[in-house]
Amino acid sequence: MFAIVDCNNFYASCERLFRPELEGQPIVVLSNNDGCVIARSNEAKALGIPMGAPEFKFRQEMKQKGIHVFSSNYPLYGDLSARVMSVLEYLSPNIEIYSIDEAFADMRGFNHFDLNTHGLEVREKILKWIGMPVSIGFGSTKTLSKIANRVAKKTPKSGGVFVFDSQQQIDNVLKKIAIGDVWGIGRKWSMSLQHCGIHSAYDLAQADSTWIRRKYSVVMQRTQRELNGENCISIEELPEKKQLLVSRSFKNKITNYQLLRSLISGYVARACEKLRKQHSVASSIQVFIRTSPFNDSPKYSNAGTVSLNQYSADTATFIKMATYILENIYKDGYEYQKGGIMILDIIPDSKQQLCLFQPEKYDSNARQRMKLMDHVNNKYGRQTLRLGSESKKRWYMNQNLLSPKYTTSWNDILRVK
DNA sequence: TCTGGGGTCCTAGGACCC
DNA sequence: TCTGGGGTCCTAGGACCC
């Protein structure tokens, strides 16, 4: 048995938490750079604001309809997420944090529990202690628990919790779930399946398995098996990242190499922080830059990768590599709209193969420096210590509608009269 | 004027090896 | 005239997720 806990309209709920007067009001949260809508409260959904809507196209409409619009505030969301996750130990000892607002729980061994009651209790705790509304679904596979979660969310009388218990009940629900709403079936596959007469989750469960495998892939076949109660996707506790990506769209188009370089350096620094935080090292880095795909100005996009013959997590080393790549792919005369870096070939620090001619893990001086830098930055805030090549402002983004960092910044703490 | 960011897994095809 | 069989590794691209 699995459970999935999913925060309702997470980002919108976070913004509402410190602005209780917004309860019942429509809210949307914008992507980085205030580009497009990435989260909506139920009220905003009801007013017809689509997911992914470009902000500038809907600005008038949102204003007119009295929708409260926020820039995304990741320090706030990250902190509230961590608080919600910490309460989940009351649900099960074995939790997999699946995304910022979702976690799976391994419910094996809970056979003698009344899962519905148990779920309702945990839901109540999270609501009371954190103020975050969540939905919880229980099913015999991850895919079925996702569907149970959907039922919990859409059925008010469920109280936010739904448990699949009989096959009859599963069949009845699956018949009502549109194929595109199944976890693992996206837009492309959904269209194709419907073309073949498969319209509901039930249809997919009943379809010929070898045909699914042949026409699509093992991936979809797995989803089908999961719908039929066969466990194919297991719980993984905090899997380490195999690649790390940091990329941003720029506030204004960039035509200046120096600025681009300093931003790219900042991205590298951020990625290396993440790398060290998960106690890993890596040997390759990729840098990419591109012009806007949306306008008529000349298009250019390029990327380059370099590898080291040694593993490292040293920011300076990776910045050097990134700069080398950038020098090679940068071309004058274009208006760059986006750039990013990817750290590849990541392995746990403890498992690295030492080099025959350099029988030391990455340079111990560098290691010391990074340790110090992380320590200072954890204590006094990001970029308190940074490398000279990094831009002072790491992101170069629009965030015109940003809410305070209520829970992570002393300066932003809520004042109560 | 203005269109997000960060991940995973699988497959096919090419280069290369013996 | 006729030119094998069995592998590995890497990369790019396409699907998916939140």
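**Entry 1: DNA strand B**

Which element gives the most to the surface near DNA strand B? I began with this question while working through the model, which is a predicted one. I found that strand E9 gives the most, with seven residues.

I next looked up the surroundings of this strand. I noted that 23 residues surround DNA strand B, and that the closest are Ser 31, Leu 245, Ser 247, Arg 248 and Ser 249. Of the atoms of DNA strand B that come within 4 Å of the protein, 73% belong to sugar and phosphate.

Which arginine side chains have an N or O atom close to a phosphate oxygen of DNA strand B? For Arg 213, the distance from a side-chain N or O atom to a phosphate oxygen is 3.4 Å. For Arg 222, the corresponding distance is 2.9 Å. For Arg 248, it is 2.6 Å. The elements that give two or more residues to this surface are helix H3 (55-64), helix H11 (218-227) and strand E9 (244-254).

**Entry 2: DNA strand C**

I turned to the other strand. Here I found that 13 residues surround DNA strand C, with Asp 101, Glu 102, Lys 146, Gly 184 and Trp 189 as the closest. Sugar and phosphate make up 100% of the atoms of DNA strand C that come within 4 Å of the protein.

Which residues place a backbone N or O atom close to a phosphate oxygen of DNA strand C? I listed Gly 184, with a backbone atom 3.0 Å from a phosphate oxygen, and Ile 185, with a backbone atom 3.3 Å from a phosphate oxygen.

Two or more residues of the surface near DNA strand C come from each of strand E5 (95-99) and helix H8 (187-195). The largest share is that of H8, with three residues.

I consulted the domain assignment of chain A. It gives domain 1 (1-163 + 399-417), domain 2 (166-239) and domain 3 (244-380). I noted that the C-alpha centres of domain 2 and domain 3 lie 39 Å apart.

Which residues of helix H7 are buried? In this helix, residues 167-176, I found Ile 170, Asp 171, Val 173 and Leu 174. I then looked up what covers them. The cover includes helix H6 (142-154), strand E8 (161-163), helix H9 (201-206) and H11.

**Entry 3: Salt bridges**

How many salt bridges are there? I recorded a count of 15. I kept in mind that side chains of opposite charge can pair when their charged atoms come close.

I examined Asp 6 and Lys 153, which form a salt bridge with their closest N and O atoms 3.4 Å apart. This pair links distant parts of the chain, since Asp 6 is in strand E1 (residues 2-7) and Lys 153 is in helix H6, 147 residues apart. Is Asp 6 buried or exposed? I noted that Asp 6 counts as buried because its relative accessibility is 12%, under the cut-off of 20%. Lys 153 is partly exposed, at 37%.

The side chains of Asp 79 and Arg 83 also meet in a salt bridge, at 3.0 Å from N to O. Asp 79 and Arg 83 are four residues apart in helix H4 (residues 74-87), so about one helical turn separates them. An α-helix has 3.6 residues a turn, so residues three or four places apart point the same way. Arg 83 counts as partly exposed, at 37% relative accessibility.

A further salt bridge joins the side chains of Asp 106 and Arg 108, at 2.6 Å from N to O. I found Asp 106 to be buried, at 7% relative accessibility, whereas Arg 108 is exposed, at 63%.

Finally, I looked up a network. Salt bridges link Arg 270, Glu 273, Glu 390 and Arg 394 in a network.

Technical notes:
Residues are numbered from 1 along each chain as its sequence is written. Chains are lettered from A and ligands numbered from 1 in the order in which they are written. This is a predicted model: local features need pLDDT of at least 70, side-chain atom pairs count only at pLDDT 80 or more; totals for chains, interfaces and linings use all residues. Side-chain values use heavy atoms; hydrogens and water are left out. A residue is near a molecule or strand if one of its heavy atoms lies within 4 Å of it. A polar contact is a pair of N or O atoms within 3.5 Å; within protein, one must be able to donate a hydrogen and the other to accept it, and residues adjacent in sequence count only if both atoms are side-chain atoms. Buried means under 20% relative accessible area, exposed over 50%, partly exposed in between (1.4 Å probe, protein chains only). Contact means heavy atoms within 4.5 Å. Domain bounds come from an automatic or database domain assignment. A salt bridge is a side-chain nitrogen of Lys or Arg within 4 Å of a carboxyl oxygen of Asp or Glu.
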